[in-house]
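Me: I've got a structure to go through with you. Can we take it bit by bit?

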Amino acid sequence: MNNKDFPILTSPYDLGPVHLRNRAIIPGHSMVHGDSSGLVSDKYKAYLVERAKGGVAMVGMESAPIHPDSGTWVGQIELWRDEIVDSLSQTAMEIHDEGAKLSIILWHGGHNVSYRRHINPAVAPSVVPSVQIGEIPREIRTDEIISLIRYYSEAAKRCADSGVDVIEVQTSSDYLLGSFLNPQLNRRTDKYGGSIEKRCRIIIEILEGIRKVIPSNKALGIRTSIFHAIPGEPEGYTIKESLPAVQHIASTGLIDYVSVMAGSNANFSETIPPITYPRPQIANLSQEFKKSLDIPVTVAGRIITPEDAETILSKGEADLVGIARAVIADANWMKKVISGEPNRIRLCSGCNQVCLGFAARSLPAGCNINPEAGYELELPELKRVNQPKKIAIVGGGPAGLECSRVCAERGHSVTLYESSPYLGGMLKVISDSPNREEMGQTIDWWENELRHNSVNIALNRSIEKPEELDADKIVWATGAKASSVWQMRFRPSLVNGIPGTDDFLHGRDVLQENHNLEGSIAIIDEEGSWPLLNLIEAQINSSKVKKITVISNSLLLGMPDLFMTGEFPLFSKRISDAGVVLNLGQFVKCVNKGIVETTSGNKFGPFDRIILSMGSASRNVPDGVNAIGDCVAPRDIWAAVQEGNRLGRNL
């Protein structure tokens, strides 16, 4: 990092000597760690405070509803209630004690709020249906806008009274205020619709109301989308509309900064960009805001490494950088930069599988590779042992790697045995697949941490029995094996697999063993999700494979997982462009001489090679060991890392 200091805010509402050179900002990021109380839960507070301990300048809380009819999920912080002040004050105090500031986003979901939660239909500037929930709102009345302005002011005052330092008004995406800014979504003919000035009016009136009730030492800003990228009209709301709108709002002198992002609920891939997006995502566009405004500009979106952040600052693309997922992956991201150990940062890959994927399921979100994220209160303390043990860990996949790291950090003498010539298990196979390269960063990080903690690594060493090992404790983490098991989800009697497929290759074996397939291939799929994605894209990249046909029981390939990570439209376009033939909603009855026959009587083929994407199965675990990960039951990276970490803390 260079020696230049970048103040968080240079305005009449200065927050004091806080600088970006040795700090970072986390913009608001929902972790679904609240509870039904509507207050700041202990779980959520612990997550926030941990990021403050990690050296960030400002911790950003999630977008919080300001009106009783604006909440969209259980666990949101309800800013319309006076009861919020106590838990919010405690959160602010603990974050301040760690030397960081606290910000919060004032939010109304607009036409994305389902009537199924509040009975009342959603409100919006105009009657434009929501892509996200597929419901039609009603047009908000002028008298309701006046009432809403009061709700914003009262929510802001509660935040200020609680010690929140920065109050941010959500005008991004196609939430209520973002919809007012977008002429596609705002068709009004009254004083709140039409020209830029009229479309900005509601936001300016809200900001005016907030300024009247918060102290002068509190900063006030807005978060806005540079573009919305609505799929059918991607050029409808772009920087040509968003920049003039922010210029007009900023000209009032009401805001201290603007935080820019991209996308909308109609195109969530742009809002929380997944792994295939460029890094950083929109810094070139944020530079246009910086050139045109006299207030600081914050940018977020796929800013992962210190080099990403430094490049933005040195090129003058923004005044501040916002990072969310990168600090979910490593709460000590900034502390490691400050201490001169950026190579020890556990880098986010942008997989979105747990931070976004879990939140989309209304589950407490976390991180695939950081088991502590969101579970700060649940995990036992990672402390040094008084009597070190000799620990042997069999299997170098995510479960074994994480368990090795934690055991070694606690002071144990650890030897990690891996039967293959590389570490990482199936994660290594995944990271070798097209569009998945960044997932290999975590393997690099584990290897670095194991070297740092003097773990003995034995590659190409297959352990069949625990008796082969001289150890006080033995951990079995040998992963899963390719299997035909998913066909039993809908046809539990098919214990032995689909007739005629006994000697077929499985997708995991194809990827792991680098089988060179040729000609016309078919993939019989009943598993879906990322294993299928990786298999298809690996074959697309093969010069010898001429045609790929997928026969799947899924009605929409890769759902729901790829939808919840924002990858579905990107994946769909890639396989469509590659000419992959999809036969969906098909259950395969049998395969005979290269012909695939379905239960509905359809026949496909013949094919030169048929591959199975049918899941994986656990392995036999010997007695007397501690078993973790997929050898116990096939799950995912998150479960493997969680189990490895938790066992390591208790050995």
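Me: How many aromatic pairs does a search of the whole structure find?
Reply: The search finds six aromatic pairs. Keep in mind that this is a predicted model.

Me: Okay, take Trp107 and Tyr175. Why is the pair edge-to-face?
Reply: Their planes sit at 80°, and over 60 counts as edge-to-face, so that is the label. The ring centres are 5.3 Å apart.

Me: Where do Trp107 and Tyr175 lie?
Reply: Trp107 is in strand β3, residues 101-107. Tyr175 is in the loop between β6 and α5. The pair therefore ties together parts that are 68 residues apart in sequence.

Me: Are Trp107 and Tyr175 buried or exposed?
Reply: Both Trp107 and Tyr175 are buried.

Me: Next pair. What are the distance and angle for Tyr375 and Trp638?
Reply: Centre to centre, Tyr375 and Trp638 are 6.3 Å apart, with 50° between the planes. That pair is tilted.

Me: Which parts does the pair of Tyr375 and Trp638 tie together?
Reply: Tyr375 lies in the loop between α13 and β11, and Trp638 lies in helix α21, so the pair ties together parts that are 263 residues apart in sequence.

Me: Why does Tyr375 count as buried?
Reply: Its relative accessibility is 9%, and buried means under 20%, so Tyr375 qualifies.

Me: What else goes on around Tyr375?
Reply: Ring pairs link Tyr375 into a cluster with Phe358 and Trp638. Lys43 also lies over the face of Tyr375, at 4.4 Å from the ring centre.

Me: And which residue lies over the face of Tyr422?
Reply: That one is Lys428, at 5.2 Å from the ring centre.

Me: Which residues cover which side?
Reply: Ala219, Gly221, Arg223 and Ser225 are on one side. Leu220, Ile222 and Thr224 are on the other. Both faces are covered.

Me: How many bridges join β6 to β7?
Reply: Six bridges join them, and the two strands run parallel. In one of the bridges, Val166 partners Ala219 of β7.

Me: What about β7 and β8?
Reply: β7 and β8 pair in the parallel sense too, over five bridges. Gly221 has Tyr257 as its bridge partner in β8.

Me: Which helix makes a β-α-β unit with β7 and β8?
Reply: Helix α7, residues 239-250. The unit is right-handed.

Definitions and conventions: Residues are numbered from 1 along each chain as its sequence is written. This is a predicted model: local features need pLDDT of at least 70, side-chain atom pairs count only at pLDDT 80 or more; totals for chains, interfaces and linings use all residues. Side-chain values use heavy atoms; hydrogens and water are left out. Buried means under 20% relative accessible area, exposed over 50%, partly exposed in between (1.4 Å probe, protein chains only). Helices (H or I, at least four residues) and strands (E, at least two) are DSSP runs, numbered from the N terminus. Two strands pair if DSSP finds at least two bridges between them. A crossover is right-handed if, with the strands pointing away from the viewer, the path from the first strand over the helix to the second runs clockwise. Rings of Phe, Tyr and Trp (its six-membered ring) pair if their centres lie within 6.5 Å; planes under 30 degrees apart count as stacked, over 60 as edge-to-face and the rest as tilted. A charge sits over a ring if NZ of Lys or CZ of Arg is within 6 Å of the ring centre and within 35 degrees of the ring normal.
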